[in-house]
Amino acid sequence: MSDGRSVDGSPVVHGFPHLDTVRAAITALYRRISPDGVRRYATSLAPADAAFSDADDLHLGAQRVARALVQHLHLPEARVIVGFRPMEHAASVELAAGPEYFIELNDRFRTHRRDIGAALAHEITHVLLHRLGLEFPGTRDNEILTDTVTAYLGAGWLLLDAFREDATSSQKLGYLTPEEFGYVLAERALVFGEDPSVWFTSPQAYTAYRKGRDRAGHDHHRPPLASAGWAGRRRYAKDRRRAGEHPGAGPDPSVPYAFENGSAGLRVSFACPTCHQRIRVPVRGRVRVRCGLCRTVLECDT
């Protein structure tokens, strides 16, 4: 199946246009493999495992990197056969029943070997998702799922590092924007206390990671989280008062929370900043909340 990734140097899209799908992908990953399953990937793929120099034999080197990725993603020891041919997209993988998997890379990687690891990381994550039975409907959303899982499980820093851009040319692998890759890597870093930016060889990758990290940090400082800033807390208090006075009012889509009136009183729902599953809690002031999906403990001021 084709992964749809451009290798033609066309202009790179920036920003966060796919963020809702990215967050849904993180939620789906936690639901499918559990928090304990996610913690099995606490250590990212080491740069040495994906290193590929011009002196390396093309096919043996690709096989070596593919094996390292299979091991990193905790896939069964299946043979991954890597070939090269002219093609429109960056790569494709044949998701047969196994035990062998066949990956084809664009011929350009014969002379752009530093990015072979990035292309293989995406394709081998396709294999993982196929085995897990985890997929989104539609090619676009399924590819965003694959990019997100690749990054969240510790191999996707390679995809962001493949992003390079200057005044006359650009290159990007993956469906996510560079900033969205940065966002997912920062979300992972907050969980595992790791700094992937030390592995970047591309200055543009570091800039994108910084922007994604800022966006991820914002998720962890929104009301009703106790760490929210003064302006957010003030707006939250105003909305809470209005919800109590007008119980039939609909939610305001411009804020990251929603109030609900019921027999038990006023409740607020909001997204967990770690796994993005919705959490619903009674409005009762300071409270400690444990997310039922990822088990993150959150200090809230409801």
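This tour moves through the model stop by stop, from a sheet to a hairpin, a helix pair and the salt bridges.

This is a predicted model, in which local features need pLDDT of at least 70, side-chain atom pairs count only at pLDDT 80 or more, and totals for chains, interfaces and linings use all residues. Residues are numbered from 1 along each chain as its sequence is written, and side-chain values use heavy atoms, with hydrogens and water left out.

**Stop 1**

Strands here are DSSP runs of E, at least two residues, and helices are runs of H or I, at least four residues, numbered from the N terminus. The three strands form an open sheet in the order S1-S3-S2, with mixed pairing. From one strand to the next, the twist averages 20 degrees.

Zoom in on S1 and S3. Val80 stands opposite Tyr101 in S3.

Now show helix H4 (residues 116–132). H4 packs on the sheet and touches S1, S2 and S3. Contact means heavy atoms within 4.5 Å. The direction of H4 makes about 145 degrees with that of S3. Axes are lines fitted to C-alpha atoms, for helices over the stretch in contact, and angles run from 0 to 180 degrees between N-to-C directions.

**Stop 2: the hairpin**

Select strands S6 (residues 257–262) and S7 (residues 265–271). They run antiparallel and are joined by six bridges. A hairpin connects S6 to S7 through two residues. Pick Tyr257: the bridge partner in S7 is Phe270.

**Stop 3: H5 against H7**

Select H5 (residues 139–152) and H7 (residues 178–192). They pack at an angle of about 35 degrees, with axes 8 Å apart. The crossing is right-handed, meaning that the near helix is turned clockwise from the far one by less than a right angle.

Show the contact side chains. From H5 come Asp147, Thr148, Ala151 and Tyr152; from H7 come Phe181, Val184, Leu185, Glu187, Arg188 and Val191. By class, this contact has six nonpolar, one polar and three charged residues. Ala, Val, Leu, Ile, Met, Phe, Trp, Tyr, Cys and Pro count as nonpolar, Asp, Glu, Lys and Arg as charged, and the others, Gly among them, as polar.

**Stop 4: salt bridges**

The count comes to 14 salt bridges, each a side-chain nitrogen of Lys or Arg within 4 Å of a carboxyl oxygen of Asp or Glu.

Go back to the sheet and select Arg85 and Glu104. Their closest N and O atoms are 2.8 Å apart. Arg85 lies in S1 and Glu104 in S3, so the pair ties together parts that are 19 residues apart in sequence. Arg85 is partly exposed at 34% relative accessibility, and Glu104 is partly exposed at 31%. Buried means under 20% relative accessible area, exposed over 50%, and partly exposed in between (1.4 Å probe, protein chains only).

Next, select Asp115 and Arg164. Their side chains meet in a salt bridge at 2.5 Å, N to O. Asp115 is in the loop between S3 and H4, and Arg164 is in strand S4 (residues 164–165), so the pair ties together parts that are 49 residues apart in sequence. Asp115 is buried, at 3% relative accessible area.

Finish at Asp36 and Arg39. Their salt bridge has its closest N and O atoms 2.5 Å apart. The two residues are three apart in helix H1 (residues 19–39), which puts about one helical turn between them.

Conventions. Pairing = 2+ DSSP bridges.
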